Amino acid sequence: MTTENTEIDQKIDDATLENNANDVQAPAEELSVEEQLTQDLANEKDKFLRLFAEFENYKRRTTKERIELFKTANQDVLLSLLPVLDDFDRAIIEIAKSEDEAVTKGVELIHEKLKNTLSSKGLELVEVQAGDAFNADFAEAITQIPAPSDDLKGKIVDVLEKGYKLGDKIIRFPKVVIGQ
């Protein structure tokens, strides 16, 4: 029995050493598992923050595009109404030559109503007048004529067609004649 006891004692000692070795290795594995989990958590947080930032940028971009779409949606309608406004301007000049004040006043009221409606939608007149310096960013030169005087050289001699802008964007440039 003593041999059996020694064998049993030896097996117990071996098992104890194995358990102790496993206990020593277990904290090392737990630390690596904890480190791995910490690293995974940091990676997931980074992915989340990047996704959140990307989504915020997407929201800003689509909001800006929507605002631009609303501005440009009016542009086509306003551009198509500009010839009507031009015709009204010409009609008022011709009707003013007549002696019928009632017709003149009626056409002027309709003209003002149209101008106010278009202004409420953001349409503005581009201010250029004869005698102003020519700037290609704000006017379109149709032709050049000999300047009637030396002070009109390189300046606007006549405005043939009014220009309009919608917000900050010019949608129709004024057509002008320049003196040479």
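The following legends describe close-up views of a predicted model.

**View 1. The largest nonpolar core is built from nine residues.** Its members are Leu78, Leu82, Leu85, Leu114, Leu118, Leu123, Tyr164, Leu166 and Ile171. Helix H1 (2–97), helix H2 (101–120) and strand E4 (163–166) are the elements that each give two or more residues to this core. H1 provides the largest share, with three residues.

**View 2. Leucine 78 is shown with its contacts.** When neighbours within four places in sequence are left aside, leucine 78 is in contact with Leu118, Lys121, Leu123, Leu166 and Ile171. Another core, of five residues, lies apart from the largest one; among its members are Ala139, Ile156, Val176 and Ile178.

**View 3. The largest pocket has a volume of about 180 Å³.** Its lining consists of Glu68, Lys71, Thr72, Gln75, Leu166, Gly167, Asp168, Lys169 and Ile171. Two or more lining residues come from each of H1 and strand E5 (169–172). H1 gives the most to this lining, namely four residues. Sorted by class, the lining of the largest pocket contains two nonpolar, three polar and four charged residues.

**View 4. The second largest pocket holds about 150 Å³ of space.** Asp86, Asp89, Arg90, Ile93, Val159, Leu160, Glu161 and Lys162 form the lining of this pocket. H1 and strand E3 (156–161) each supply at least two of the lining residues, and the largest share, four residues, belongs to H1. By class, the lining of the second largest pocket has three nonpolar, no polar and five charged residues.

Note on methods
Residues numbered from 1 in each chain as written. Predicted model: local features only at pLDDT ≥ 70, side-chain atom pairs only at ≥ 80, totals over all residues. Heavy atoms only, no water. Core = buried A, V, L, I, M, F, W, Y, C linked by side-chain atoms within 4.5 Å. Buried < 20%, exposed > 50% of the residue type's maximum accessible area, 1.4 Å probe, protein only. Contact = heavy atoms within 4.5 Å. 1 Å grid on protein atoms, 1.4 Å probe; cavity = no way out; pocket = protein on both sides within 12 Å on 5 of 7 lines; lining within 4 Å. Points joined across faces, edges and corners; volume = space filled by probe spheres on them. Nonpolar A, V, L, I, M, F, W, Y, C, P; charged D, E, K, R; others polar.
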